[in-house]
Structures are given as C-alpha cells and as structure tokens.
Amino acid sequence: MNLQLRHGQSGQRAENGHEVMAFSARPHAQLLAQGFTRGHYSSVLQVGCTADETAAQLAGRADRYLVIDDAPRAVERERARLICRPQARARHASIPGQWPRREFDLILLSDIIARLGRGELRLLAQRCAESLSDCGELVIFSDLTDGQRSQRLAAAEEIGNALGQLRQIQLTRHASAPGYLHQTILARHVAPSRRETFEAA
C-alpha cells in the first residue's frame with residue numbers, strides 16, 4: 001500500500017536569520033511531543049543527534065533516554081547538552097548496524113534517514129520492529145526545507161513500508177509542523193495484516 005504524504009507549506013525565514021534560529025531551536029521538542037500518545041515513557045531511543053536542545057527537553061519525559069549517532073563530534077556535543085539529565089546518554093554507533101539490545105516504547109528518527117540507502121533503511125525498520133514494545137511508537141521528524149525533501153520523503157515511505165511487513169502499524173501524519181515531515185507510527189506485536197492511516201491537524 002502506497003502512502004500519500006500531506007505536508008504544510010514551507011516556513012518563512014527571516015533575512016537576518018533571527019527568526020530562523022527562534023523557529024529551529026524552540027519548536028522541535030514541542031512539535032515532536034504533539035505527536036506522542038503518552039506523557040511519559042519508560043525507555044526512549046533517539047536515532048541521530050540534533051543541533052539544539054531537543055534531546056535534553058524530551059529526556060524529561062522518560063525514565064531512560066538514549067541518543068545514538070555515527071558522527072563522533074555530534075555525540076560529544078549531545079553529551080554536553082545532556083549533562084544535567086542523569087537518565088540520558090549519548091553513544092557513538094554505526095546506524096543501523098550497531099543497535100542497542102533493549103526494548104523501547106518510543107523511537108525517534110530524525111534527518112539521519114536521508115543519509116541511508118534503501119537496504120540500510122529496511123534494516124533500520126527491522127531494528128525498530130525488533131526493539132519496539134507492543135504498541136510502541138516510532139516518530140519520524142525531519143526538515144524538508146534544506147534541499148533533501150525528496151530523499152527524506154522516500155526514506156520515510158521505505159521505513160513505513162518495511163515496518164508494515166513486520167508489525168501491524170497505525171500511521172498518523174501531522175500537519176502541525178510546516179516545512180517538516182512529522183509522522184507517528186504505532187506498532188503492535190501481531191500479524192501485519194492491516195495498516196491504518198490517519199491525518200492529524
């Protein structure tokens with residue numbers, strides 16, 4: 001089943017750059033949280049570091065929060081931002097090859113999906129299917145305004161299709177983040193015989 005993705009219009013950027021920073025730094029954690037189905041999670045995996053305080057803010061919603069990335073410098077910066085979050089860790093790892101052996105009830109995928117080939121994306125979906133708890137959530141949140149829109153849309157569709165072959169999924173597309181790809185996928189431990197798709201305001 002092919003998914004038809006609907007997205008809002010690209011956000012406006014100020015010439016002096018100030019509004020860009022205000023837009024990019026403030027809403028990531030807030031917009032991501034709008035797609036969550038719970039207020040608090042036992043264990044969260046964030047795949048790919050961000051350039052802002054997203055992980056530090058979201059870690060407050062989790063008992064355990066792990067960030068993995070294949071860029072050593074990005075991991076070091078993330079560790080510095082998480083220093084006041086004792087339940088949070090950042091780890092250098094090859095994605096999707098080096099995957100944590102733990103169950104998560106929330107997995108976050110970011111812009112890193114655009115760097116992966118088709119085979120790697122399918123392996124990533126398999127890793128997520130193996131790691132997500134029953135009714136666990138997979139959230140994809142990625143910038144579509146930096147010239148890699150088509151790659152990221154294709155990557156998200158590949159992940160959704162591959163995951164749908166392994167778990168029964170319910171996909172919700174969020175339109176609350178203009179210029180961003182924002183999807184929440186609920187995955188159940190049952191035969192993948194049905195896929196439900198919803199549009200969220």
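Which side chains meet in a salt bridge with an N to O distance of 3.6 Å? They are the side chains of Glu137 and Arg38, a salt bridge being a side-chain nitrogen of Lys or Arg within 4 Å of a carboxyl oxygen of Asp or Glu. This pair links distant parts of the chain, for Glu137 belongs to strand E5 and Arg38 to the loop between helix H2 (27–34) and E1, 99 residues apart. Helices (H or I, at least four residues) and strands (E, at least two) are DSSP runs, numbered from the N terminus.

The model is predicted: local features need pLDDT of at least 70, side-chain atom pairs count only at pLDDT 80 or more, and totals for chains, interfaces and linings use all residues. Residues are numbered from 1 along each chain as its sequence is written, and side-chain values use heavy atoms, with hydrogens and water left out.

The two partners of the opening pair may be described by their accessibility, where buried means under 20% relative accessible area, exposed over 50%, and partly exposed in between (1.4 Å probe, protein chains only). Glu137 is buried at 0%, whereas Arg38 is partly exposed at 30%. Together with Asp105, Arg38 and Glu137 are linked in a network of salt bridges.

The whole structure holds 10 salt bridges. In one of them, the side chains of Asp70 and Arg115 meet at 2.5 Å, N to O. Asp70 lies in the loop between E2 and helix H4 (72–81) and Arg115 in the loop between E4 and helix H5 (118–131), so this pair ties together parts that are 45 residues apart in sequence. Another joins Arg81 to Glu78, with the closest N and O atoms 3.2 Å apart; both residues lie in helix H4, 3 residues apart, about one turn of the helix.

Strand E1 (residues 41–47) is largely enclosed by the rest of the structure, because 6 of its 7 residues are buried. Two strands pair if DSSP finds at least two bridges between them. E1 pairs with strand E2 (residues 62–69) in the parallel sense over 6 bridges, and Val44 has Tyr65 in E2 as its bridge partner. E1 also runs parallel to E4, joined by 4 bridges, with Leu45 opposite Ile107.

Two backbone details remain. Most residues other than glycine have a negative phi, and most peptide bonds are trans. Cys135, in strand E5 (residues 132–143), has a positive phi of about 65° although it is not a glycine. The peptide bond from Ile95 to Pro96 is cis, with omega near 5°, and Pro96 is placed in the loop between strand E3 (88–92) and strand E4 (104–109).
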